[in-house]
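Subject: Structure handover

Hi there,

Here is the structure I promised to pass on to you. Have a look at it first, and then read on for what I found in it.

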Amino acid sequence: MQETIRIIGIDPGLRRTGWGIIETLGNSLRFVASGTVTSDGDMDLASRLCQLHDGLSEVVHGYQPHEAAVEQTFVNKDATATLKLGQARGIAMLVPARAGLRVAEYAPNAVKKAVIGVGHGEKQQIHMMLKVLMPKATFTGNDAADALAIAICHAHNRQGLSGRLTKLAG
């Protein structure tokens with residue numbers, strides 16, 4: 001008998017970290033919630049990371065997901081911005097890991113492919129497909145929408161991942 005699995009998808013960012021929670025049962029997806037954790041740009045980096053940590057911790061504690069998925073960071077030309085994004089991504093991975101969740105990572109192109117069918121696409125295409133896949137989904141802004149897409153990507157890939165992990169352990 002299958003059980004419902006609650007997944008949190010996290011789109012890390014230093015200013016805005018998006019989160020989206022879905023439930024999956026077999027091939028069906030159900031929207032639970034989404035939102036954005038923000039940090040105060042006028043504060044020092046350590047304080048901003050604390051804000052992200054505390055906000056994500058509240059979400060994980062409140063919704064009690066079973067698994068987590070985080071988008072991998074892309075490297076851009078601005079090394080300082082990339083390092084700061086990496087630190088925010090560390091928080092996005094730490095919070096669910098500290099809650100005892102397995103954390104999967106997905107490249108941005110893999111997320112797009114899982115949701116819109118191709119590895120390159122526009123934000124509007126992701127928004128449209130989210131509404132097709134989960135008509136009751138609500139999200140404010142790209143960060144929450146991306147987080148939902150990450151959760152969906154994990155829902156599509158988790159069965160194969162679980163099977164591979166079982167084979168490795170056996």
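Let me begin with a pair of helices. H3 and H4 pack with their axes 9 Å apart, at an angle of about 45 degrees. An angle of that value makes H3 oblique to H4, and the crossing of the two is left-handed. On the H3 side, Lys112, Val115 and Ile116 make the contact, while H4 brings Gln125, Ile126, Met129 and Leu133. Sorted by class, the residues where H3 meets H4 are 5 nonpolar, 1 polar and 1 charged. Please keep in mind throughout that this is a predicted model.

There is another helix pair to look at. Helix H1, residues 45-63, packs on helix H2, residues 79-98, with an angle of about 30 degrees and 9 Å between the axes. Angles under 35 degrees count as roughly parallel, so H1 is roughly parallel to H2. The crossing here is right-handed. H1 contributes Leu45, Leu49, Leu52, His53, Leu56, Ser57 and Val60 to the contact, and H2 contributes Lys84, Gln87, Ala88, Ile91, Ala92, Leu94 and Val95. By class, the contact of H1 with H2 holds 10 nonpolar, 3 polar and 1 charged residues.

Glutamine 64 sits in the loop that runs between H1 and strand E4 (67-71). This glutamine has a positive phi of about 50 degrees, although it is not a glycine.

The largest nonpolar core is made of 25 residues, and Ile22, Leu130, Met134, Leu148 and Ile152 have the most contacts inside it. Two or more residues come from each of these elements: strands E1 (5-11), E3 (28-38) and E5 (102-106), together with helices H3 (108-116), H4 (123-133) and H5 (141-169). Which element gives the most to this core? That is H5, with 9 residues.

Not counting residues up to four places away in sequence, isoleucine 152 touches Ile22, Leu29, Val115, Leu130, Leu133 and Met134.

Leaving aside neighbours within four places in sequence, alanine 144 is in contact with Gly18, Trp19, Ser34, Gly35, Thr36 and Phe139. Alanine 144 and isoleucine 10 are 134 residues apart in sequence, yet their C-alpha atoms are 8.2 Å apart in space.

Histidine 154 also has its place in helix H5. The relative accessibility of histidine 154 is 1%, and under 20% counts as buried, so this histidine is buried too. Histidine 154 and glutamate 122 are 32 residues apart along the chain, and 20 Å separates their C-alpha atoms.

That is what I have for now. Happy browsing!

Best wishes

Key. Residues are numbered from 1 along each chain as its sequence is written. This is a predicted model: local features need pLDDT of at least 70, side-chain atom pairs count only at pLDDT 80 or more; totals for chains, interfaces and linings use all residues. Side-chain values use heavy atoms; hydrogens and water are left out. Axes are lines fitted to C-alpha atoms, for helices over the stretch in contact, and angles run from 0 to 180 degrees between N-to-C directions. Helices (H or I, at least four residues) and strands (E, at least two) are DSSP runs, numbered from the N terminus. Angles under 35 degrees count as roughly parallel, over 145 as roughly antiparallel, 65 to 115 as roughly perpendicular and the rest as oblique. A crossing is left-handed if the near helix is turned anticlockwise from the far one by less than a right angle, and right-handed if clockwise. Contact means heavy atoms within 4.5 Å. Ala, Val, Leu, Ile, Met, Phe, Trp, Tyr, Cys and Pro count as nonpolar, Asp, Glu, Lys and Arg as charged, and the others, Gly among them, as polar. A nonpolar core is a set of buried Ala, Val, Leu, Ile, Met, Phe, Trp, Tyr and Cys residues joined through side-chain atoms within 4.5 Å. Buried means under 20% relative accessible area, exposed over 50%, partly exposed in between (1.4 Å probe, protein chains only).
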